[in-house]
Amino acid sequence: IGAVGMRSLTFLVARYGASAFFVAVSVIALVGLLLVPVALKGREARRSRDEAAGVVSSRVLTALLSVFLFFGGLALVWAFLERIATAHGFDVAGVATALSASAISGIAGSLSVALFAHRLAIRPALLLGCALLIMCAAGLIASSDIGFGVAICLLTFTWNFLFSFLFRIVALTDERAGGLVPVATSAALSVGPAIGGIILNRGGIVMLDAVFLATTLGALALAGSVSRRCRAGSI
């Protein structure tokens with residue numbers, strides 16, 4: 001769905017303007033909203049069980065902060081990929097193709113976790129993610145349209161590959177903390193584009209790219225530190 005949507009919606013904007021994009025997205029969202037009662041039909045409402053009250057540990061907060069920074073750092077550039085491509089002089093067709101391919105790369109990232117995560121410890125996964133993010137950052141400021149397309153694909157692959165490990169780290173700190181993960185991701189995806197727009201307007205693409213890399217690598221470093229403390233049994 002993502003591959004088809006990003007391909008078609010990009011051409012829709014190019015031909016009919018931004019208003020056509022928002023109309024299309026709103027209609028799709030409305031259909032999804034109307035399907036919610038159908039999806040929930042026949043399910044019994046369950047009362048959530050009261051958990052024992054306790055203070056959220058600093059390690060839980062650190063793990064959630066790593067998730068927030070990771071998603072926020074990715075959102076910094078994801079929201080402005082078209083703007084970055086325009087600054088490089090790439091055409092709409094090339095950007096649409098790259099976005100479509102990136103959706104498939106995201107699927108590949110998720111499948112990689114499904115197939116190999118049980119053989120890969122958290123620390124090697126985070127180190128691999130760091131290497132992929134560095135290559136992604138290099139591709140985003142490259143003048144080659146192929147390099148830019150590869151960077152977008154790496155971005156979505158790494159995104160889908162790493163968040164499973166980040167969520168695992170959150171769960172290791174406290175089983176109840178999983179309920180706070182959507183708060184961290186939603187907040188990051190809301191704040192990230194706003195901050196990215198300010199950076200892009202004031203510092204340009206290179207500064208945006210540098211902040212993206214520093215934020216995501218910092219997030220993985222935080223996650224790695226929490227993971228080490230989990231293994232040491234200090235949680």
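**Helix α7**

At the start of α7, a side-chain oxygen of Ser 144 comes to within 3.2 Å of the backbone nitrogen of Ile 146. Val 150 also has its place in helix α7, and with a relative accessibility of 45% Val 150 counts as partly exposed. The C-alpha atom of Val 150 is separated by 7.7 Å from that of Ala 98, although these two residues are 52 residues apart along the chain.

**The chain as a whole**

The protein chain contains eight helices and zero strands. Of its 235 residues, 37% are buried, and its accessible surface comes to about 13,300 Å², with carbon and sulfur atoms accounting for 67% of that area. When contacts between residues at least 6 apart in sequence are considered, 87% of them join residues at least 24 apart.

Thr 216 is found in helix α8, which covers residues 181-231. Is Thr 216 buried or exposed? Its relative accessible area is 0%, and since buried means under 20%, Thr 216 counts as buried. A polar atom of the Thr 216 side chain lies 2.8 Å from the backbone oxygen of Phe 212. Once its neighbours within four places in sequence are left aside, Thr 216 is in contact with Phe 70, Gly 73, Leu 74 and Leu 133.

**Confidence**

The average pLDDT of the protein chain is 83, and 90% of the residues score at least 70. Over residues 45-54, however, the pLDDT is below 50, and this stretch has two contacts in the model beyond near neighbours in sequence. Where pLDDT is low, the predicted coordinates should not be read in detail. The table sets out the helices with the lowest and the highest confidence.

| Helix | Residues | Mean pLDDT |
|---|---|---|
| α1 (lowest) | residues 2-16 | 75 |
| α6 (highest) | residues 122-140 | 92 |

Definitions and conventions
Residues numbered from 1 in each chain as written. Predicted model: local features only at pLDDT ≥ 70, side-chain atom pairs only at ≥ 80, totals over all residues. Heavy atoms only, no water. Polar contact = N/O pair within 3.5 Å; in protein donor to acceptor, adjacent residues only side chain to side chain. Helix = DSSP H or I, 4+ residues; strand = E, 2+ residues; numbered from the N terminus. pLDDT = per-residue confidence, 0-100. Contact = heavy atoms within 4.5 Å. Buried < 20%, exposed > 50% of the residue type's maximum accessible area, 1.4 Å probe, protein only. Areas by Shrake-Rupley, 256 points an atom, 1.4 Å probe, with all protein chains shown as cover.
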